[in-house]
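I opened this notebook to record what I looked up in one structure, entry by entry.

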Amino acid sequence: MEDWYKLDHAGKLFPAVAGQQNSSTYRLSFLLKHPVKPPILQKALDSVIRRFPLLHVEMGNGLFWKFLRERESPLEVEPEGRYPCAPVALSDSSASLVRILYHDSKISVEIFHALTDGGGALEFLKTLVFQYLRLLGENVDDKQGMILPPASFARYAEAQDSFKAHYTSEPPLDLDKAPEAFQIRGTRFVPYGHNVIHGMLRASSLNACAKEKGVTLTAYLTAILVMAVLHAGEPLNTERRPIVISMPVNLRNIFPSSSLRNFFAVINIVIAGAEEMNFEQVLEQVQQQMKEKTTKSYLSRVMSGSMKYENTFLSRIAPLKLKDLAIRYGFDHYGEVAKTLTLTNLGKVDVPEGMAAHIEAMETTMYPTAKSPLNCAVCSINDQLTVTFARNIVESDMIMHFFRQLSGLTGLDVRIVSNDWGMGA
């Protein structure tokens with residue numbers, strides 16, 4: 001592999017917009033059935049990190065773009081000490097952009113989004129925990145080829161910028177036409193931090209509820225989220241702005257790619273006039289829009305719209321500082337104002353049977369931002385589904401409405417767990 005790398009197309013956004021209230025750092029966690037042994041976890045990390053060279057990097061500044069170069073100092077596992085998804089130290093050019101954390105029986109990876117998306121991070125976490133269990137002496141194997149072998153070499157295709165490989169000249173979507181969305185307001189935590197609330201329930205039972213309505217699980221949860229925003233935020237939505245749920249889509253499911261870098265697009269589910277609708281009507285709109293906006297043709301247009309600015313002559317010759325200003329302007333005026341919050345669903349995670357026997361649950365945590373102070377992430381493993389809300393504001397009405405409605409509609413028991421940040425505990 002190379003000693004230095006260009007940032008991929010999507011990765012160029014995050015260094016320009018990152019800050020204390022937009023860490024651009026997300027977390028994936030496995031909750032094991034026994035307390036973590038840090039020395040063994042460190043050995044596992046030491047043996048697998050060379051398999052993922054794009055995660056063992058630091059960020060440098062070039063004349064036209066930032067770049068990634070291999071780190072000389074080793075990565076070290078750490079106990080959890082701060083709030084989830086805290087910013088990485090971008091001002092320190094030798095700082096790691098990845099954290100490997102442990103707490104009781106939980107192993108977490110926190111990754112700056114410029115390096116990879118949830119799909120790439122998941123491959124790393126699976127390999128790390130697989131190796132950890134092997135070093136513990138547990139009877140785990142991977143006959144089905146579900147894990148990237150720790151001792152194998154990183155393949156060239158894993159470092160590919162798949163946006164460039166699959167970019168076409170499809171007419172781009174006109175982002176100027178995106179309506180300004182209703183935005184959640186609240187009181188920032190002092191000191192600043194992220195409160196995280198996890199709701200856990202049986203995945204198969206929730207899937208059955210969604211199927212009964214003839215919709216996907218993601219559509220079902222999105223509709224409940226829209227109703228929760230409506231109930232909690234309606235008094236503040238005096239201008240009757242639409243509720244917009246922003247949703248990352250894993251492009252590896254649409255375009256052939258084995259890249260471990262960023263390869264996702266964002267679609268917006270726009271619900272206007274929700275105050276006049278019931279849950280069934282909202283659900284119908286969500287399902288219809290998800291169907292329309294996850295086709296290959298639509299996603300090609302999303303990619304085309306995203307790539308058109310990078311491919312201009314002016315963009316190629318503009319110095320880094322000018323590019324960063326332009327990226328921040330676009331992020332604030334076309335990205336953040338056009339959404340209410342983000343819901344990301346990593347989906348059902350499969351691991352080898354012997355490994356699954358040691359895993360209790362999984363969590364995904366999506367960082368909040370200044371204008372999107374509450375975000376939602378979903379994932380499932382071993383028939384245990386976890387819905388995680390991360391927020392940087394005191395108000396939690398919307399989360400309360402979401403879980404009450406989820407429980408009321410499905411009749412399922414939801415187990416709630418929180419880090420209690422900002423609650424005076």
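The entries below set out what I found.

**Entry 1: ground rules.** I noted that this is a predicted model, in which local features need pLDDT of at least 70 and side-chain atom pairs count only at pLDDT 80 or more, while totals for chains, interfaces and linings use all residues. I number residues from 1 along each chain as its sequence is written, and side-chain values use heavy atoms, with hydrogens and water left out.

**Entry 2: domains.** I looked up the domain assignment of the protein chain, which gives domain 1 (4-141) and domain 2 (195-350 + 357-418). Such bounds come from an automatic or database domain assignment. I found 23 Å between the centres of domain 1 and domain 2, taken over C-alpha atoms. The contact between them takes 51 residues from domain 1 and 40 residues from domain 2; contact means heavy atoms within 4.5 Å.

Entry 3: Helices (H or I, at least four residues) and strands (E, at least two) are DSSP runs numbered from the N terminus, and two strands pair if DSSP finds at least two bridges between them. In which order do the 5 strands of the open sheet lie? I read the order as 5-6-7-2-12, with mixed pairing. Strand 5 (77-79) and strand 12 (359-365) are the edge strands, each pairing on one side only. The twist averages 25° from one strand to the next; axes are lines fitted to C-alpha atoms, for helices over the stretch in contact, and angles run from 0 to 180 degrees between N-to-C directions.

I then followed strand 2 (residues 25-32), which runs antiparallel to strand 12 and is joined to it by 6 bridges. Leu32 stands opposite Ile359 in strand 12. Helix 3 (residues 118-135) lies across strand 2, strand 6 (98-103), strand 7 (106-112) and strand 12, and runs at about 35° to strand 2.

Entry 4: I found 3 strands in an open, antiparallel sheet of order 1-4-3. Why is one side of strand 1 (4-6) and of strand 3 (57-61) left without a neighbour in the sheet? Both stand at the edges and each has a single partner strand, so one side stays without a neighbour. The twist here averages 30° from one strand to the next. Strand 1 pairs with strand 4 (residues 66-70) over 3 bridges in the antiparallel sense, and Lys6 stands opposite Phe67 in strand 4.

**Entry 5: parallel pairs.** I saw that strand 9 (residues 243-250) and strand 11 (residues 341-348) run parallel, joined by 2 bridges. The bridge partner of Ile245 in strand 11 is Leu341. Strand 11 is also joined to strand 13 (residues 374-381) by 4 bridges, again in parallel, and there Thr344 has Ala377 as its bridge partner.

**Entry 6: cavities.** I counted 3 cavities of 30 Å³ or more. A cavity is a set of points, on a 1 Å grid over the protein atoms alone, where a 1.4 Å probe fits but cannot get out; lining residues have an atom within 4 Å of a point. About 100 Å³ of space lies in the largest cavity. Of the 13 residues that line it, Phe52, Pro53, Leu54, Glu158 and Leu260 are the closest to its centre.

**Entry 7: loops.** I noted a cis peptide bond from Val190 to Pro191, with omega near 0°. Pro191 lies in the loop between helix 4 (162-166) and strand 8 (195-202). Asp383 is not a glycine, yet has a positive phi of about 65°; its place is in the loop between strand 13 and strand 14 (384-391).

How values were computed. 1 Å grid on protein atoms, 1.4 Å probe; cavity = no way out; pocket = protein on both sides within 12 Å on 5 of 7 lines; lining within 4 Å. Points joined across faces, edges and corners; volume = space filled by probe spheres on them.
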